[in-house]
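Please look at the sequence and the model before reading on.

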Amino acid sequence: MNIPVEYFIALSTLLFFIGVFGFVTRRNLVAMLISIELILNSVDINFAVFNRILFPAQFEGFFFTLFSIGVSAAETAVALAIIINVYRNYHSDQVNSIENMKF
Amino acid sequence: MEYSYAFLILLLPFLSFLVLGLCGMKMKKPVAGLIGTIMLGSLFAMSLYTAYEYFFVIGRDAATGLYPTVTVFNFTWLKFTELLTFNIGFRLTPISVMMLIVITTVSFMVHIYSFGYMAERDDKYKFEEYEHGFQRFYAYLSLFTMSMLGLVVATNIFQMYMFWELVGVCSYLLIGFYYPKHSAVHASKKAFIVTRFADLFFLIGILFFSYYVGTFNYDMNANPELIGKLASVAAKYSWLLPSALFLMFIGGAGKSAMFPLHIWLPDAMEGPTPVSALIHAATMVVAGVYQVASLFPIWVQYAPNQLHWIAYIAAFTSFYAAAVACCQSDIKRGLAFSTISQIAYMLVALGVSCAIDNHEGGLGYMAGMFHLFTHAMFKALLFLCSGAIIVIIGSNFKQYMGGLHKYMPITNICFLIGCIAISGVWPLAGFFSKDEIVSACFEFSPFMGWFMTLVSGMTAFYMFRLYYVIFWGQSYYELDPENRKKPGEVPFVMWGPLVFLAIVSIFAGWIPFGHFVSATGQSMEIGLQHFEFTSVAWFSLLAAAIGIGLATWMYLPKNNPVPDMLAKKMPRLHKAALNRFYIDDAWQFFTHKIVFGCFSKPIAWFDRHVIDGTFNFMAWGAQEAGETIRPWQSGDVRSYAAWFLTGTVALTLILLCILS
Amino acid sequence: MANLVMFCILAVVILGSAVMCVITKRIIRAATFLLFVLFGVAGIYFLLDYTYLGAAQISVYAGGITVMYIFAIQLVSKRSLQGLIERVKGSRVISGLLLSLVGLATVGVVLIKNNFINAAAQVTDTEVPMDQIGTALLGSGKYQYVLPFEFISVFLLACIIGGIMIARKEDKK
């Protein structure tokens, strides 16, 4: 294992901010969700890397990542259900059609 | 304590005001009237008893030979500084006891009379829409009585000022009693504003006086330390006391309708006639006279020249008012100008006094007070008679009257008695009081004496003109008997007070007034009452006779062409006199063009644009800020996330900078 | 050496797919690129000797979630499937880019200033044994994860039920 930890962290940082860019820019609801998945994945990488390289004798990061994957799955399911409901009511998949909370 | 009931004299009318004011509309009208009248009847009894106690039972103080000044109670209300306190008290001196009698007598008669005047009577008199508020009337009358009583028993000048203002308020309320009528509202505003404007000078005078002298008390008998204080102030600042006293007199001039502040009194006749009788004939308008009389010892000692100025102003006023009264066609306005003239007489009497010796110049004080007493009685009588006439005829104007001696006999006799009294004919009351005044004027200067004699002749002329025009001459009713209302006599509740006041007018002249009230406090004899007629007395009787004779010749026969011919020969003079020599218009010009135009408009502009503008601007700013911030809540999740992230990044950067 | 090469290839795959994922205008392509990213991340896990985690990543994320996305897209974005593209507002792109770059810079600064301890030298290059994972996952001692395990099972049940509740068709009464 001779890859310095900084490389991994740089990778996950880049992935994180690509996800942020996608979230802020895209108008399609599903595309925004996909960007969120990118963010979550970058965070998972971070946890796994910290555990493996900095504290190899322990398992906290490993299990955190495992559970994070599970929770992401559940959250994606619920979010997609909401999007389907939104589509039924607003007949649009654009995020700027949901503007009831506008001033 | 002898006068332990004295606080009731102030408390009872105030309670009556509260009860009638708050619960009056729930009572029946006669109940409200009875409460007011009974309360005032008890006040009348109390003041007669007080006079009896003061003058006869307790009598003169053995050591000084004067009637003692009794301070019944005097408690501190406000402390301005350690030395300067504002007290409310009750003080009895000869003139205040006399005023108690005057006020309660006339007020009592007015209360009884108002039962008839203010009540609804469908058969004889049709009610105008605005003539309601019987209970309110009695409430205001009670408040006025209390205020006037508080004024005359004041222990210090500030209490007098406070009740002075209260009296002004009552006058405003009562003049504007028929508030739906536009002219009444206008008149009440005018009265209040003019007197309030004069009271400003009164207040400045009080402030000067109290600041330098260090006290509000003005009675040297009750406060002996005042003598020393006044002497030291006069020695240090010779201008102070004359100016302070004269400023105070200006306030009194406003209330007592001296030229040029007299403009409110004729318009004040818009109020109901009992109000005119009580306030604008007998009591409130003599407040100025009473003020000068109370401060008289200070005036004579420290401001004798200013006292003479008062005499000059008052003399001119009495002549002016008499001239205007000769041409008035509204009987109440004629009586109002007569009142102005007679009050000026009282102030002339006070003004020509130049020493506190009873016979070397002190005569004026006693004469002025005596005239106040008798004038209150017969002027109230005249006003109440005119009220009876107005109620029967339905209008103030003389063109609807005439020949009423057949239909209103009692009113005829009473009015005649009042006219004889005011003209100064022996043996009625006016003769004694007026001639004492004229004698005092002759002592001062012969010109003043002849001037006042001339004015008394004019008084006789215009009063008898009024009398003949109302009661004799061509009857308005008889010109067209079918369409016009037949006049009848007023009911007992109205002519009872008339008869009472007429009897007082006949006999009041014989009261040995000099025993009770005089400049030095020592008893003085009134020569005329002992049938010692001086030449002055004969001259004034002659002047009265000429006046009466002229009036009789001009106005007694029906359709005498002489008055109209005179009016045609001097049209401008006649018109000017009718319009009161345009003084009102001059004041209107002054207020509207100068005060409103040059002072009020710029200030109003400043208030509206600068002061309101600041607050409007602040509100506008807040609203604009809100409108700017509002779009931040766009309902767009992406913006929220972006801002959230921005904030986090910024916070991290700040922390980095701080920590590193 | 080989690890480094592998890492570089995986990094290129991940970042390239991620960039394409957020830039592309067609939503199905975004889902496909997401799939590639997920495979890449699984590869990273394998590189770190976390084989179990990598397997979980592939089966749950790449297998389950991507399929869910495809289904959702087909239900929701009819226009996108028919080839209509989504226009992206220019100003939004600029601001998003700016925000990302600034954030990147900040994190980069923190990263550079930090000293990471490097304890990896002590560990041998083997994968984590499975029985250790199993004992830790279902054990109830200190540092053992039975509670989150049970919790997440209930949580998944709740999410299933919730999803069904939200997305069912309302009965027309």
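The model is predicted: local features need pLDDT of at least 70, side-chain atom pairs count only at pLDDT 80 or more, and totals for chains, interfaces and linings use all residues. Residues are numbered from 1 along each chain as its sequence is written, while chains are lettered from A and ligands numbered from 1 in the order in which they are written.

**Chain C**

Chain C has seven helices and zero strands, where helices (H or I, at least four residues) and strands (E, at least two) are DSSP runs numbered from the N terminus. Its elements follow the order α-α-α-α-α-α-α from the N terminus. Of its 173 residues, 23% are buried; a residue is buried if 20 or more other C-beta atoms, placed from the backbone, lie within 10 Å of its own. Among the contacts in chain C with a separation of 6 or more, 50% join residues 24 or more positions apart; two residues are in contact if their C-beta atoms, placed from the backbone, lie within 7 Å.

**Nonpolar cores**

A nonpolar core is a set of buried Ala, Val, Leu, Ile, Met, Phe, Trp, Tyr and Cys residues joined through C-beta atoms within 7 Å. The table lists two cores.

| Core | Residues in core | Named members |
|---|---|---|
| Largest | 207 residues | B:Leu347, B:Val348, B:Ala380, B:Leu381 |
| Second, separate | 61 residues | A:Ile34, A:Ala81, C:Ile14, C:Ala42 |

The four members named for the largest core touch the most other members. Helix α15 (residues 363-393) of chain B gives the most to this core, with 22 residues. Apart from neighbours within four places in sequence, B:Leu381 is in contact with residues including B:Cys414, B:Leu498 and B:Ser505.

Helix α11 (residues 287-294) of chain B is largely enclosed by the rest of the structure, because eight of its eight residues are buried. Among them are B:Tyr290 and B:Gln291.

B:Phe471 belongs to helix α18 (residues 446-471) of chain B. B:Phe471 is buried because 26 other C-beta atoms lie within 10 Å. Beyond its neighbours within four places in sequence, B:Phe471 is in contact with B:Leu404, B:His405, B:Asn412 and B:Phe415. B:Leu556 lies 85 residues from B:Phe471 in sequence, and 9.1 Å separates the two in space, C-alpha to C-alpha.

**Chains A and B**

Here 11 residues of chain A are in contact with 11 residues of chain B. The chain A side comprises seven nonpolar, two polar and two charged residues. Ala, Val, Leu, Ile, Met, Phe, Trp, Tyr, Cys and Pro count as nonpolar, Asp, Glu, Lys and Arg as charged, and the others, Gly among them, as polar.

Notes: A residue is buried if 20 or more other C-beta atoms lie within 10 Å of its own, exposed if 12 or fewer, and partly exposed in between; C-beta atoms are placed from the backbone.
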